[in-house]
Amino acid sequence: MKFFILGLMFVQNIFSFEIEKISVSSAKSSYMIEAVKGEIIVQIPDEKRDEVVQKLKGSGYFSVEKIYKDFYLARSKSSLATSNSMNILEKNGIKAYPNRIFRPFLIPNDPDISNQYYLSNINAFSAWDFEEHKTTVTVAVVDGGVDSTHMDLTSALYSTQVVVAESIDRYDNRSFKIFNEYFPFSYSLDHGTMVSGVVGAIRNTEGISGVSTAKIYSFDVFRGSSPEGTGYVDEYGIIKALEYIKDNLSDDYYGKVIINMSLGGPGDCDPLLESAISDIYNYSSNSKFIIVVSAGNDAGDVSTPANCAGVIPVSATDEGDNLSSFSNYGSAMLNGLSAPGSNIYTTVPGNDYSYVDGTSFSAPIVSAVMAEVWSKKPDYKNYEVIDLVKRTAKDLGDDGPDKKYGWGRVDMYKAFSYIESDLSSKGVNKDFLAWPNPFYISKDVYIKFSVKKSIIYTDDKLMIYDFNGNFIAYAKRDGESGFIWDGKNQDGVLVVPGPYVAYYKSDKGHAKTKFMLFR
Ligand SMILES: [Ca+2]
Ligand SMILES: [Ca+2]
């Protein structure tokens with residue numbers, strides 16, 4: 001791999017490093033990356049350490065600092081461009097890599113008139129019909145922090161947030177201050193609140209519902225990056241966050257942990273990322289971690305770290321199950337999945353909501369589906385969860401796993417049906433179903449219920465309750481095994497949007513199903 005300067009662009013920021021754009025060419029193609037100017041990451045075997053450090057110091061590097069295992073960050077005065085650094089080292093037979101910059105994968109979006117279509121697209125509403133479960137699964141959102149006072153997020157969050165913040169001492173040593181913040185948290189980017197809403201906005205009648213009921217552990221790795229909100233973090237910072245998760249979230253208290261990274265940058269995976277990622281997977285004997293990463297928004301090849309071995313890269317789809325125009329794709333997707341990423345309605349800071357676009361929002365959908373599967377099946381190993389979600393995804397594009405959609409667009413209902421063997425063996429048609437679900441009063445007029453033949457009997461009734469258990473109305477009989485309801489209470493008044501429960505009871509048995517009602 002050769003590095004050379006194509007054009008220089010310096011971005012001033014509040015800490016002392018400068019960002020440089022460099023062109024990287026591999027055997028296949030060339031592309032621009034952003035990296036910290038004058039810094040390189042070098043892997044130095046222990047037996048060669050003194051010799052290599054000596055060489056580095058003789059070539060203009062004033063600091064060589066161990067950052068992870070046998071990886072070192074070498075810093076020159078920033079007048080030494082990254083590509084020159086690489087060249088000098090290559091001449092000396094030392095493999096070096098740029099300290100790359102990663103950014104969140106958000107695209108500004110114009111509001112559009114739709115709702116949380118992504119929930120029905122992945123069959124979340126039908127999936128939620130399955131029995132509630134209480135096993136803790138944590139989604140670690142490695143992002144720009146979260147607005148912990150958002151009414152749709154507060155109770156989904158742990159009471160602490162981890163901040164990975166750059167710090168440079170008076171001797172010019174770079175390091176990361178890692179500290180806990182307590183409620184209410186600060187946040188460096190709105191992006192983290194948007195991603196968190198998709199993972200787990202609270203399922204109630206207010207605002208939106210996230211895909212899962214997972215607990216969210218928020219990380220702010222963009223703290224201190226540019227104040228205008230176009231945050232970034234270097235590879236060093238990402239490594240520190242991953243190391244923190246491995247060392248601190250392996251405790252049983254957090255249950256299984258899914259690491260969501262809706263960020264990245266162009267280029268191949270490098271040995272430092274590979275090493276940190278494989279350490280996470282190898283860390284615990286009970287395989288309690290999964291890493292899910294957005295594929296990126298350049299309509300080009302899959303970004304890194306999404307292309308690193310072991311992580312689940314996620315491309316974006318739209319309402320019509322087509323690849324979103326901005327979504328990255330490529331051979332790394334053969335290990336990945338796709339999920340809605342266009343027109344995603346989610347939480348933004350200040351108790352507000354907005355439509356957003358990007359693979360940034362596809363990854364948390366996959367993280368959330370995996371979290372739900374894992375909380376139902378806590379005995380599953382990580383690879384069993386990954387396998388199940390892949391095998392139950394809706395195959396799109398070319399037959400089988402492909403470079404655009406990976407194993408397909410996630411289907412939460414199919415994933416759930418698969419693990420509920422008692423249901424899948426009976427076939428879903430025989431179950432007590434609400435249809436259509438979600439139920440839009442304005443366009444659907446009635447929601448229909450089909451009751452299992454085995455429990456249909458005389459003197460039966462189907463009652464609608466709200467989520468707090470308050471009786472709302474009786475559904476009307478419609479045919480032999482069906483009922484309909486028009487969304488009105490017993491006084492003929494339309495009810496408020498939100499989740500409801502239908503309860504059927506006869507002398508032969510009873511059944512319960514949940515559904516979502518929208519205006
Ligand atoms: Ca809500
Ligand atoms: Ca396919």
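What share of the 519 residues in the protein is buried? Buried residues make up 49%. A residue counts as buried if 20 or more other C-beta atoms, placed from the backbone, lie within 10 Å of its own.

This is a predicted model: local features need pLDDT of at least 70, side-chain atom pairs count only at pLDDT 80 or more, and totals for chains, interfaces and linings use all residues. Residues are numbered from 1 along each chain as its sequence is written, while chains are lettered from A and ligands numbered from 1 in the order in which they are written.

The protein has 12 helices and 27 strands. These are DSSP runs numbered from the N terminus, with at least four residues (H or I) for a helix and at least two (E) for a strand.

The largest nonpolar core holds 142 residues. Such a core is a set of buried Ala, Val, Leu, Ile, Met, Phe, Trp, Tyr and Cys residues joined through C-beta atoms within 7 Å. Val389 is among those with the most contacts inside the core. Helix H8 (residues 362-376) gives the most to this core, 9 residues.

Next, helix H6. Buried residues in H6 include Tyr236, Ile239 and Ile245.

Last, a hairpin. Strands S4 (residues 61-68) and S5 (residues 71-76) run antiparallel, joined by 6 bridges. Strands pair if DSSP finds at least two bridges between them. Tyrosine 61 has serine 76 as its bridge partner in S5. The hairpin leaves 2 residues between the strands, and lysine 69 in the turn has a positive phi of about 45 degrees.

Technical notes
A residue is buried if 20 or more other C-beta atoms lie within 10 Å of its own, exposed if 12 or fewer, and partly exposed in between; C-beta atoms are placed from the backbone.
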